Amino acid sequence: MTGELIFIAGWGRSGSTLLDRLLGRVDGVMPAGELREVWERGLVQDRLCGCGERFSDCAFWGKVGEAAFGGWEHVDIARVSELRASVDRPWTALTLLLPPRLRPRRAQVDEYLAVLRDLYAGVAAAANADVVVDSSKIPTYCLLLRAAGLRPRVLHLVRDARGVVFSWQKTVARPDGAEGTETDLMLRYGTAEACARYVTYNVLAHLLRVVGLPYVRLRYEDLAAQPAVGMAAAAGFLSKRLPPELMDELRRAEVKLGVDHTVDGNPMRFEVGAIPIRPDGRWRRDLAPRTRIAVTALTAPLLFRYGYVRLRGAR
Ligand SMILES: [Zn+2]
């Protein structure tokens, strides 16, 4: 692809769908949702696009398939799923930091990287966008995009681990059901599992900066409390100006969102119209004290680093 690729890195339940869609209000920016999931949730499961159509019925994704592969029917989805399963894994992705000749399974890796290059070029072309925002978050996947030559710029979105874990423990129905599974639920994690993932994904997001990718960190809480300030920082990173009407809406903390063709993400990707932006601090009231103590202990180094706890007077 010729334009810029913004990669929202970190872990789920940190407000990445909101950030993706807010960026999508800027001219020339395509908020694509979680592109990593286009194969499984799009092509295989035919879930709903953010526009409300099934993936296979959405005209935008039809254009992407056309631009990228001359039509989705030319994609051997069984082969791509197999490649994804073997290449898009944490350890394999980390081997991409080696020089190409030293990489294990080089032919497979190269084949998958070529597919990714075509996909992202197709998204940019179909949207006629000069910036594509990918909210896939998983940092090792971003290493694949880097190895594919897509030059991702990393927007690392962090959130207080206690809010993240609280959110992962709620029961949330998926509103994008595949045929016959309309009531399936979003994934849930227990406390230790969720903390391990929080630490791993955020530490790996720091690695993206270490390997030389352009990087900026944004806290969900700051974005939600002062959307105009948070978005100005994000837009500066994109070298884009925010339109004045969007700045006004951000200052009022209520933005108008239209239809976005997001491929996966939080259920808020389907919301259209005037959307209020408010920090979600329910965990402060509703997270069980024992869980709160456990999460604080298990994620303490990052909570300090991001300024969520201080040495004197925690929080
Ligand atoms: Zn759509």
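Student: Which residues does Leu119 touch, not counting residues up to four places away in sequence?

Tutor: In this predicted model, Leu119 touches Leu35, Val38 and Ala68 once those sequence neighbours are set aside. Leu119 itself lies in helix α6.

Student: How far apart are Leu119 and Leu98 in sequence and in space?

Tutor: Leu119 and Leu98 are separated by 21 residues in sequence, and their C-alpha atoms are 24 Å apart.

Student: What can be said of the length of helix α6 and of its buried residues?

Tutor: For length, one compares the span with the value expected at 1.5 Å a residue. Helix α6, residues 106-127, contains 22 residues and covers 32 Å from its first C-alpha to its last, close to the expected 32 Å. Its buried residues include Val109, Tyr112, Leu113, Leu116, Leu119 and Tyr120. Just after α6, Asn128 adopts a positive phi of about 50°.

Student: In what order do the strands of the open sheet stand?

Tutor: Five strands form the open sheet, in the order β2-β3-β1-β4-β5, and their pairing is parallel. Strands β2 (29-31) and β5 (215-219) each have a single partner strand, so one side of each lacks a neighbour in the sheet. From one strand to the next, the twist averages 25°.

Student: How many bridges join β1 to β3, and how many join β1 to β4?

Tutor: Five bridges link β1 to the parallel strand β3, residues 131-137. Six bridges link β1 to β4, residues 152-158, again in parallel. Leu5 illustrates both pairings: its bridge partner in β3 is Val132, and its bridge partner in β4 is Pro152.

Student: Which residues point each way from β1, and are they buried or exposed?

Tutor: Glu4, Ile6, Ile8 and Gly10 point one way, while Leu5, Phe7 and Ala9 point the other way. The residues of both groups are buried. Strand β1, residues 4-10, is accordingly described as mostly covered, with seven of its seven residues buried.

Student: How is the pairing of β2 with β3 to be read?

Tutor: Strands β2 and β3 pair in the parallel sense over three bridges. In this pairing, Pro31 stands opposite Val133 in β3.

Student: Which helices lie on the sheet, and what are their directions?

Tutor: Helix α1, residues 16-23, lies across β1, β2, β3 and β4 and runs at about 180° to β3. Helix α9, residues 191-210, packs on the sheet and touches β1, β4 and β5, its direction making about 145° with that of β1.

Student: Where is the confidence lowest, and where is it highest?

Tutor: Confidence is lowest in helix α5 (residues 90-95), with a mean of 88, and highest in helix α3 (residues 59-69), at 98. Over the protein the mean pLDDT is 93, and 97% of the residues reach 70 or more.

Key:
Residues numbered from 1 in each chain as written. Predicted model: local features only at pLDDT ≥ 70, side-chain atom pairs only at ≥ 80, totals over all residues. Buried ≥ 20, exposed ≤ 12 C-beta atoms within 10 Å, placed from the backbone. Helix = DSSP H or I, 4+ residues; strand = E, 2+ residues; numbered from the N terminus. Pairing = 2+ DSSP bridges. Expected span 1.5 Å × (residues − 1). Axes fitted to C-alpha atoms, helices over the stretch in contact; angles between N-to-C directions. Contact = placed C-beta atoms within 7 Å. pLDDT = per-residue confidence, 0-100.
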